[in-house]
Amino acid sequence: MPHRTVEIVSTRLIDAPRPLKVIYIGAGISRIIAAIQFQKPVPSVELVIYEKNHDVGGTWLENRYPGCACDVPSHAYQLSFESWTEWSQFYAGSPEIWQYWNLVANKHNVRRHMRFNHKCIEATWNESKSKWSIKLQKLDEGLSTIVEDEADVFITGTGFLNEWTWPKIEGLPSFKGDLLHTAGWDESCDLSDKRVAVIGSGSSGIQVVPALVNKVKAIDHYVRGRIWIIPQFSDESLRKRTADAGYFNSDYSQEEKDYWKANPAAYLEYRKILDYGFQSLFPLTLPNTPEHKNARIKYEKNMRARLQAKPELIDLLIPDYPPLCKRLTPGPGYLEALVEPHVTVISQSIASVDAEAIITTDGVRHPVDAIVCATGFDTSPGRGFPIYGRGGVNLREKFKDRPETYLGICTDEFPNFFQSLGPNTWQGSGNLIVMIEYAHIYIAKILKRLVEDNIRTVEPKRKNVERFTNFCDEYFKDTVYTADCLSWYKSAPAGSNLHALRALKNVRWEDFEIETDDGNDFGWFGNGRAMADEVPKYKTFENCTWYLSETGFVDETPER
């Protein structure tokens with residue numbers, strides 16, 4: 001018999017979980033999903049979620065400007081496995097959306113994993129220890145308080161809409177009136193009967209203008225670029241709920257809520273109808289399809305009709321790039337607000353700001369009492385705190401010009417590192433929430449192998465990172481995203497939403513470099529014993545006979 005060594009016979013039991021610590025940055029939707037999905041296949045995982053805010057919710061905790069809402073119908077903006085029949089409106093506002101995610105967080109007790117008021121400032125891969133070293137600012141103790149932690153696996157999910165800054169406008173800090181940013185709204189500020197400037201016509205600007213239009217004395221709306229303002233998502237479903245020609249939203253009755261609660265099958269059918277509409281949007285991403293051409297005609301007709309009271313705005317606002325090059329924006333009430341007599345649309349660039357006014361590049365001075373900066377977020381792939389992989393490679397520099405990833409989830413030179421909503425993952429159509437779910441189920445499968453199969457590190461092979469990125473670039477050429485528009489969709493989506501869900505169904509282990517924990521490629525086999533053989537608390541009736549639990553009977557008629 002050969003001499004037994006640790007290299008041949010492992011010291012571990014075959015089903016004994018290896019200790020595994022995971023650090024996840026952020027407590028928005030992705031992190032709530034992670035806290036739920038990771039525990040299912042890997043109940044032993046030590047999950048620590050660091051969040052810069054005081055509570056869960058991410059975007060929906062932070063953004064509370066007037067009119068802040070989701071333009072996806074409420075019943076389509078929820079987890080596939082956690083439905084809520086109590087939504088008050090067809091399109092929910094920010095507070096109610098946060099309420100839903102708070103209910104989910106409470107039900108699954110996800111806060112036990114979270115450390116609030118911690119902002120990550122650096123992450124570094126330690127090659128000698130095969131661990132990630134993390135530095136964080138403890139915000140409730142001042143920016144000078146730095147704490148450190150380490151983990152086997154590091155995941156970021158800080159999202160696209162996370163890093164906002166004031167626009168770089170000369171003299172902006174000198175303004176003496178109310179100065180507000182939609183991403184950091186001061187809810188104590190009262191803009192009633194004031195002259196208000198709204199800078200920016202992205203998603204937040206399009207929501208805040210109609211929310212303020214009937215409360216303020218006047219609005220100067222500074223519009224830098226054009227954007228498609230389309231009929232609302234699930235337009236037909238909303239039309240059926242109201243005969244009002246000026247519909248923008250609809251309340252759900254208590255009778256509807258009670259009916260859905262008592263009839264889950266009927267509610268599921270309603271959810272599927274809404275989701276089917278979103279999954280059917282994919283042909284709009286391909287410029288030569290009949291669906292795309294018909295949509296462009298429909299959208300332009302709709303905008304022209306809604307701007308008839310101020311026809312001079314038609315050429316100013318209707319884009320020359322194709323729909324979906326940038327994110328489609330319904331903007332309920334936005335165009336109607338722009339044609340109000342006390343609203344002025346200004347396309348001239350801003351030169352500077354003084355104590356009481358905005359000065360445009362044509363020399364005109366526009367006095368205002370308040371300035372609202374609806375100037376959005378930094379959505380560039382190279383944004384964020386530094387993350388250093390093997391050899392000191394900085395992920396931000398690696399992603400700066402041409403992000404290279406594997407499935408948008410991980411990349412080479414960064415072992416045991418994963419991202420939620422990384423480059424190449426935002427399809428522009430379909431259900432975003434369910435895609436985030438599938439991405440985390442995919443990551444959970446990798447964590448399960450790290451725990452169970454004597455694996456120390458996983459890292460996508462360089463050739464497969466290149467193949468996926470090259471695929472994205474080639475696929476990109478046949479989509480609307482090649483048109484001339486500024487858009488975060490420019491990180492080359494790799495297909496439809498349904499395609500992504502299929503692609504994330506299984507982990508293709510042949511696409512990864514795998515390093516074992518003790519150098520023994522056969523170490524997963526353990527020492528020839530299972531936990532139920534040696535550990536008293538696991539030597540239960542069920543653990544020793546589980547293979548009989550799903551038996552059938554030969555004389556039963558099988559279900560067909």
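Author: Contact means heavy atoms within 4.5 Å. This is a predicted model, in which local features need pLDDT of at least 70 and side-chain atom pairs count only at pLDDT 80 or more, while totals for chains, interfaces and linings use all residues. Residues are numbered from 1 along each chain as its sequence is written, and side-chain values use heavy atoms, without hydrogens and water.

Reader: Which residues is Phe418 in contact with, leaving aside neighbours within four places in sequence?

Author: Phe418 touches Val153, Phe154, Ile155, Thr156, Ile409, Cys410, Ile443, Ile446 and Val458.

Reader: And which residues touch the most other members of the largest nonpolar core?

Author: Phe418 is among them, with Phe38, Tyr77, Trp101, Leu191, Leu338 and Leu447. That core (buried Ala, Val, Leu, Ile, Met, Phe, Trp, Tyr and Cys joined through side-chain atoms within 4.5 Å) has 119 residues.

Reader: New topic: is Phe522 buried, exposed or partly exposed?

Author: Phe522 is partly exposed, because its relative accessible area is 42% (buried is under 20%, exposed over 50%, with a 1.4 Å probe and protein chains only). Phe522 lies in the loop between strand S19 (512-516) and helix H15 (531-534).

Reader: In what order do the five strands of the open sheet stand?

Author: The order is S3-S2-S1-S7-S17, with parallel pairing (at least two DSSP bridges per pair). Strands S3 (114-115) and S17 (417-419) each have a single partner strand, so one side of each lacks a neighbour in the sheet.

Reader: How many bridges join S1 to S2?

Author: Five bridges join strand S1 (residues 21-25) to strand S2 (residues 46-50); Ile23 has Val48 in S2 as its bridge partner.

Terms used. Helices (H or I, at least four residues) and strands (E, at least two) are DSSP runs, numbered from the N terminus.
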